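Here is a short briefing to read alongside the structure. Have a look at the chain first, then come back for the notes below.

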Amino acid sequence: MHKSFTLALILSLSTFSAFSQRESLDVLYYQNQLDKIYSICEGKLASNPDDIDAKLWMGKAKLKEGKSQEAFDYFEEVSKSKASNIDHKCEAYTGMGSCYFFEENYKKGKSYLQKAFKMEASDASRHDTYKRMLLLGSEQSFKDWQKIESKHFNFYFHPEHEVVNKEIFISERERAYERVNIFFNDNKYNLPKKIDFYIWSTLEYSNQVLKKDIGYVDPLFCVAHTHREQTKGHEITHIISYNTIDIEIESPFITEGTAVHFDLTRKNKLKIAKENIEEINYPDIKVIDMWKNWNSVPRKISYPVAGEFIQFMIREGGKDKFLAFFKNQTFENGQKIYGLEWESMINKFENRINNKDGI
Ligand SMILES: [Zn+2]
């Protein structure tokens with residue numbers, strides 16, 4: 001084999017393995033398998049104490065676990081290390097700024113994010129920083145928003161928000177917080193920080209700036225981007241449930257269904273689901289299919305059906321079983337937690353949804 005060819009092969013294989021390792025760390029991070037990230041990265045750091053990527057991943061995982069001080073130390077090390085390039089430094093400053101936000105030191109958080117954004121890093125790194133700035137309200141579009149603090153929230157109102165009475169708006173959300181928090185942890189546990197609750201003026205404007213549909217929530221940072229017409233409970237439920245239950249496996253059918261169930265609108269989700277199914281002539285609902293193929297079902301059907309399903313689960317099996325189930329939100333775990341009843345529960349629910357004769 002020609003030498004340069006061998007070298008090229010070795011290089012491409014090592015690039016491939018670095019790439020696949022990064023990809024697998026991404027997946028582990030998404031799946032919340034933080035212990036696996038720690039063991040991979042600690043192994044790498046034991047053989048190379050200057051492994052900057054490993055330090056960044058340690059920082060990200062620690063922050064995801066809510067250990068912001070430990071996370072900060074990793075990011076700070078990266079920011080000072082001679083082995084770091086400008087992209088690493090940009091990521092480290094973004095990480096440090098995020099830790100400050102997590103600790104509600106908004107001023108420092110903002111200044112670190114802005115420092116990261118001003119670095120001459122690659123477009124990809126700066127783009128990640130910019131997305132974090134948008135999420136955490138540190139981008140210049142937020143400069144004229146009005147901040148109002150309450151017991152569990154920092155509210156931020158866009159100058160052209162259309163909330164008629166801010167006092168009522170705030171007290172309604174405080175009440176929603178209490179109600180949802182009582183369900184998930186009997187009010188024993190507080191969130192790691194206040195909820196940063198943004199109220200945008202219009203959907204068009206938020207879409208233009210965030211490049212995302214709102215309501216949009218990041219439960220780790222306890223942030224919600226919303227508009228006036230959103231329900232009182234949906235976003236708050238996402239944040240409280242994520243932070244008070246140790247979720248091992250998440251599924252949108254369950255997380256969204258739970259947020260719909262606790263939206264505190266008193267809307268009849270069964271009626272809405274049936275009307276929408278009829279309107280577009282959607283085929284009969286199979287719970288397992290919707291659970292496993294969430295994105296293939298139109299939202300006007302998936303959301304109310306999932307909300308109704310959560311209400312049904314709580315009514316049939318009680319709160320304690322539901323909360324035990326909530327940690328591992330798979331269909332298979334439903335079978336395990338609800339035992340022999342599970343199959344008949346699913347049948348009963350499908351009959352209710354698919355029965356064409358009234359509610
Ligand atoms: Zn949602």
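In this predicted model, helix H14 (residues 299–317) packs against helix H15 (residues 319–326), with the two axes 7 Å apart and at an angle of about 125°. Because of that angle, H14 counts as oblique to H15. The points below start with this helix pair and then turn to the core and the chain as a whole.

**Where H14 meets H15**
- On the H14 side, the residues in the contact are Met 313, Ile 314 and Gly 317.
- Their partners in H15 are Lys 319, Lys 321 and Phe 322.

**The nonpolar core**
- The largest nonpolar core holds 71 residues.
- Five of its members touch the most other members: Trp 57, Phe 75, Met 96, Cys 99 and Val 305.
- Leaving aside residues up to four places away in sequence, Val 305 touches Ala 273, Ile 285, Met 290 and Ile 353.

**The chain overall**
- The protein chain has 359 residues, and 34% of them count as buried.
- Its secondary structure comprises 17 helices and five strands.
- Taken along the principal axes, the C-alpha atoms fill a box of roughly 75 × 55 × 40 Å.
- Among contacts between residues at least 6 apart in sequence, 62% join residues at least 24 apart.

Conventions: Residues are numbered from 1 along each chain as its sequence is written. This is a predicted model: local features need pLDDT of at least 70, side-chain atom pairs count only at pLDDT 80 or more; totals for chains, interfaces and linings use all residues. A nonpolar core is a set of buried Ala, Val, Leu, Ile, Met, Phe, Trp, Tyr and Cys residues joined through C-beta atoms within 7 Å. A residue is buried if 20 or more other C-beta atoms lie within 10 Å of its own, exposed if 12 or fewer, and partly exposed in between; C-beta atoms are placed from the backbone. Two residues are in contact if their C-beta atoms, placed from the backbone, lie within 7 Å. Helices (H or I, at least four residues) and strands (E, at least two) are DSSP runs, numbered from the N terminus. Axes are lines fitted to C-alpha atoms, for helices over the stretch in contact, and angles run from 0 to 180 degrees between N-to-C directions. Angles under 35 degrees count as roughly parallel, over 145 as roughly antiparallel, 65 to 115 as roughly perpendicular and the rest as oblique.
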